Amino acid sequence: MPTPAAPPRRYLVRTFGCQMNVHDSERLAGLFEAEGMVAAHGVEDADVVIFNTCCIRENADNRLYGNLGQLRALKQQRPGLQIAVGGCLAQKDRDKVMERAPWVDAVFGTHNVGHAATLLERARREGPVVEILEAAANAADEFPSALPVRRELPFAAWVTVQVGCDNKCAFCIVPSVRGREMSRPFSEVVAEVAQLAARGTVEVTLLGQNVNSYGRDLALKARASDDWRAHAYMTGEQWAAAGAPRARPLFADLLRAVAAVEGIERVRFTSPHPKDLRPETIEAMATEKAVCPHLHFPLQSGSDRVLSLMRRGYTAQRYLERLAAARAAVPDLAVTTDIIVGFPGEDEADFERTLEVAAEAEYDSAYTFIYSPRPGTEAAARTQEFVPPEVVADRFERLRLVVERSALRRHQARVGLTEEVLVEGPAKKGGPGVFSGRTRQNKLVHLDGGPLRAGMVVEAVVERAAPHFLKARLGRVISPPRHRELIPVMAN
Ligand code: SF4
């Protein structure tokens with residue numbers, strides 16, 4: 001009698017952090033599924049637990065070591081359970097992870113996410129393993145999208161166009177954990193988007209730390225050769241065929257190429273650095289129908305003095321001018337931002353300037369953060385200038401009110417309008433028959449009038465506005481979902 005096949009091993013990926021990390025987690029899931037594993041429901045039924053860490057957000061290490069502590073007893077009961085730690089915090093802490101939590105089986109960094117399954121296999125044979133690389137061994141390792149991916153939402157996908165960052169913002173750990181800026185070859189990005197569209201994905205978000213400097217390194221590589229045309233794959237046909245008329249292929253070229261892919265109806269991107277936002281990008285947003293009218297434009301501070309301390313490379317005036325140019329060119333543009341409150345040395349006058357700029361910018365929403373030091377960054381060393389917590393808390397609240405006021409005003413102006421909504425699924429609140437989705441401006445909408453299916457595109461009439469969402473009534477269905485479930489290919 002044939003022996004019954006062993007049940008597949010189960011994996012669980014826990015993600016802390018930014019979109020780049022969430023996308024890395026999709027890659028990890030894709031890799032494990034390509035190895036024949038299936039997703040676990042929770043730690044109880046998992047054979048492998050992977051923490052994909054982030055050191056950008058506050059308290060990341062406390063959260064990680066707290067979680068690892070909770071798993072220690074489980075590991076004692078089930079020695080076959082494997083635990084891995086990867087991502088930014090692992091890259092930064094290196095051997096420290098294993099010192100503080102010796103029951104961890106594998107530690108990997110930001111440049112070898114694609115090796116996670118191999119490292120765990122090695123750990124099974126040889127015992128705990130730490131592998132932190134200074135740079136990726138090859139391009140497939142560097143770009144998350146070049147590996148098997150299990151997308152969280154089949155109708156919408158993130159596509160990495162660039163990793164690393166060449167800027168030196170004083171508060172940011174990204175350059176030291178993600179390394180130098182590296183652009184993904186132009187044709188590879190477009191090919192991935194075409195593949196996604198063929199599977200029914202209708203929305204893509206192009207991801208990079210500073211998307212507007214996309215292509216700088218590709219042009220340098222191309223210029224190292226006499227034969228421009230040979231580099232069309234890397235730099236895009238248009239740039240290569242024209243004999244490199246510009247210094248480099250632009251992010252705007254990439255936006256246009258992606259927007260032209262048949263089946264792609266929404267193109268988003270995050271984030272452009274205000275100092276690098278080019279007129280060509282705005283022009284592409286204004287003229288390409290598929291590019292959504294939403295600009296995430298991180299201000300960080302409204303004070304020129306603080307911006308200079310932060311090493312951001314722009315003044316508030318310059319920022320507002322670029323924003324005005326974008327608003328003038330792109331009809332019905334929604335603008336969101338990131339602002340840090342309590343950067344070391346920020347005084348009341350600096351903060352008031354931030355309030356003024358935030359009010360003038362009339363944001364649709366803002367991610368406001370209380371400054372927290374990231375060890376290893378320039379700002380973290382300026383302990384003498386840290387702003388007292390009670391002062392920061394007061395400023396944070398004042399900023400929240402300014403941002404919510406403009407968000408509510410902008411949302412109220414949409415009441416009565418018909419919006420195109422991409423349905424994401426049942427709403428978390430509101431009961432049966434209420435669905436959530438996003439407008440082209442990336443506004444969260446709660447819709448009455450289902451049943452609806454995730455991935456549908458519908459029209460909805462806005463009936464009510466709140467600072468963080470819109471409430472709408474379903475109109476007609478524009479298109480049914482087009483996606484099929486994605487099955488990851490085998491990893492090699
Ligand atoms: S642009 Fe500044 S904030 Fe953004 S990733 Fe680079 S260093 Fe960090």
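In this predicted model, the centres of domain 2 and domain 3, taken over C-alpha atoms, are separated by 27 Å. These belong to a chain whose domain assignment gives domain 1 (10–131), domain 2 (151–292), domain 3 (318–413) and domain 4 (418–479).

**Where domain 2 meets domain 3**

- On the domain 2 side, 11 residues are in contact with 14 residues of domain 3, and helix H13 supplies the largest share of that domain 2 side, namely four residues.
- Sorted by class, the residues of domain 2 that touch domain 3 comprise nine nonpolar, one polar and one charged.

**The sheet of three strands**

- Three strands make up an open sheet in the order S7-S10-S11, and their pairing is parallel.
- Strand S7 (156–160) and strand S11 (266–270) stand at the edges of this sheet with a single partner strand each, so one side of each is left without a neighbour in the sheet.
- From one strand to the next, the twist of this sheet averages 20 degrees.
- Strand S10 (residues 203–207) pairs with S11 in the parallel sense over five bridges, and within this pairing Leu-206 has Phe-269 of S11 as its bridge partner.
- Helix H12 (residues 251–259) packs on the sheet, where H12 touches both S10 and S11, and the direction of H12 makes about 150 degrees with that of S11.

**Helix H12 and its helix neighbours**

- H12 packs with helix H13 (residues 279–287) at an angle of about 15 degrees, with the two axes 8 Å apart, and because angles under 35 degrees count as roughly parallel, H12 is described as roughly parallel to H13.
- The crossing of H12 and H13 is right-handed, and the contact is made by Phe-251, Ala-252, Leu-255 and Arg-256 on the H12 side, together with Glu-280, Thr-281, Glu-283 and Ala-284 on the H13 side.
- By class, this contact of H12 with H13 contains four nonpolar residues, one polar residue and three charged residues.
- Helix H8 (residues 186–198) also meets H12, with axes that come within 9 Å and cross at roughly 25 degrees, an angle that makes H8 roughly parallel to H12.
- The crossing of H8 and H12 is right-handed, and the contact joins Phe-186, Val-189, Val-190 and Val-193 of H8 to Leu-254, Ala-257 and Val-258 of H12.
- The contact of H8 with H12 has seven nonpolar residues, with no polar and no charged residues.

**The sheet of six strands**

- Six strands form an open sheet in the order S2-S1-S3-S4-S5-S6, with parallel pairing, and its edge strands are strand S2 (38–39) and strand S6 (129–131), each of which pairs on one side only.
- Within this sheet, strand S3 (residues 48–53) and strand S4 (residues 82–87) pair in the parallel sense over six bridges, and Ile-50 stands opposite Ala-84 in S4.
- Helix H2 (residues 60–77) packs on the sheet and touches S1, S3 and S4, while the direction of H2 makes about 170 degrees with that of S3.
- Helix H1 (residues 19–34) lies across strand S1 (10–15) as well as S2, S3 and S4, and H1 runs at about 175 degrees to S1.

**Antiparallel strands S15, S18 and S19**

- Strand S15 (residues 418–426) pairs with strand S18 (residues 457–465) in the antiparallel sense over five bridges, and Glu-419 stands opposite Ala-460 in S18.
- S18 also pairs with strand S19 (residues 470–479), in the antiparallel sense and over seven bridges, and here Ala-460 stands opposite Leu-474 in S19.
- S18 and S19 form a hairpin, with four residues between the two strands.

Key
Residues are numbered from 1 along each chain as its sequence is written. This is a predicted model: local features need pLDDT of at least 70, side-chain atom pairs count only at pLDDT 80 or more; totals for chains, interfaces and linings use all residues. Two strands pair if DSSP finds at least two bridges between them. Axes are lines fitted to C-alpha atoms, for helices over the stretch in contact, and angles run from 0 to 180 degrees between N-to-C directions. Two residues are in contact if their C-beta atoms, placed from the backbone, lie within 7 Å. Angles under 35 degrees count as roughly parallel, over 145 as roughly antiparallel, 65 to 115 as roughly perpendicular and the rest as oblique. A crossing is left-handed if the near helix is turned anticlockwise from the far one by less than a right angle, and right-handed if clockwise. Ala, Val, Leu, Ile, Met, Phe, Trp, Tyr, Cys and Pro count as nonpolar, Asp, Glu, Lys and Arg as charged, and the others, Gly among them, as polar. Domain bounds come from an automatic or database domain assignment.
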